[in-house]
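Subject: Structure handover

Hello,

Here is the structure for you to look over. My notes on it follow below.

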Amino acid sequence: MFIERLVERPRHVEVQVIGDGSGGAVHLFERDCSVQRRHQKIVEIAPATGIPQATREALWADSLRLVKDCNYKNAGSPSMVRFDVRYATAMVCQCK
């Protein structure tokens, strides 16, 4: 995610999800993928450290809502980039 270069101290957090294609989905918790080199993750830390529990639960819920609403059928990782260390609600999200 190239936007990370423009943001001070970004956090790149992914939530692993599995969808069944008919609106059912589960999450397998989150991981911090902020340590990167040349836009490639080199370290994934699970669970992500330094994230308040309420924010962690919101990430899980948002990821599940995303895959359930589109009837996602596969395993995937919605990725979020947190815009500041206070965990504002603004984020960029992609699902692969």
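**What I found**

F29 is partly exposed, with a relative accessible area of 47%. Here buried means under 20% relative accessible area, exposed means over 50%, and partly exposed lies in between (1.4 Å probe, protein chains only). F29 sits in strand 2. Its phi is positive, about 75°, although F29 is not a glycine.

Before going further, the ground rules. This is a predicted model, where local features need pLDDT of at least 70, side-chain atom pairs count only at pLDDT 80 or more, and totals for chains, interfaces and linings use all residues. Residues are numbered from 1 along each chain as its sequence is written, and side-chain values use heavy atoms, with hydrogens and water left out.

**Overall layout**

The chain has 1 helix and 7 strands. Helices (H or I, at least four residues) and strands (E, at least two) are DSSP runs, numbered from the N terminus. Along the sequence the order is β-β-β-β-α-β-β-β. Of the 96 residues, 36% count as buried. Accessible areas come from the Shrake-Rupley method with a 1.4 Å probe; for residues, only the protein chains shown count as cover. Contact means heavy atoms within 4.5 Å. Among contacts between residues at least 6 apart in sequence, 52% join residues at least 24 apart.

**Core**

The largest nonpolar core has 12 residues: V13, V15, V17, A25, A48, I51, L59, W60, L64, V67, Y72 and M80. Strand 1 (11-20) and helix 1 are the elements that give two or more residues to this core. Helix 1 gives the most, with 4 residues. A nonpolar core is a set of buried Ala, Val, Leu, Ile, Met, Phe, Trp, Tyr and Cys residues joined through side-chain atoms within 4.5 Å. In soluble globular proteins, nonpolar side chains tend to be buried together.

A25 is worth a look. Leaving aside its neighbours within four places in sequence, A25 contacts I18, G19, L64, V67 and K68.

**Surface patch**

I18, V26, L28 and F29 make a nonpolar surface patch of about 360 Å². Patches are made of residues with over 30% relative accessible area and no salt bridge; like charges are joined within 9 Å, nonpolar side chains (Val, Leu, Ile, Met, Phe, Trp, Tyr) within 5 Å. Strand 2 (residues 25-32) supplies the largest share of the patch, 3 residues. V26 belongs to strand 2. V26 counts as partly exposed because its relative accessibility is 45%.

A61 is partly exposed, at 40% relative accessible area.

**Salt bridges**

The count is 4 salt bridges. The rule is a side-chain nitrogen of Lys or Arg within 4 Å of a carboxyl oxygen of Asp or Glu.

- R31 pairs with E14, with the closest N and O atoms 2.9 Å apart. The pair links distant parts of the chain: R31 in strand 2 and E14 in strand 1, 17 residues apart. Both R31 and E14 are buried.
- E30 pairs with R56, with the closest N and O atoms 2.3 Å apart. E30 lies in strand 2 and R56 in helix 1, so the pair ties together parts that are 26 residues apart in sequence. Both E30 and R56 are buried.
- R31 also pairs with E44, with the closest N and O atoms 3.3 Å apart. E44 lies in the loop between strand 4 and helix 1, so its pairing with R31 in strand 2 ties together parts that are 13 residues apart in sequence. R31 is buried at 18% relative accessibility, whereas E44 is partly exposed at 41%.

Salt bridges that share partners join E14, R31 and E44 into one network.

**Backbone and cysteines**

A cis peptide bond joins A46 and P47, with omega about -5°. P47 is in the loop between strand 4 (40-41) and helix 1. N71 has a positive phi near 50° and is not a glycine. N71 lies in the loop between helix 1 and strand 5 (73-76), and is partly exposed at 41%.

The structure holds 0 disulfides (cysteine sulfur pairs within 2.5 Å). C33 is buried, at 0% relative accessibility. C70 is partly exposed, at 49%.

Best wishes
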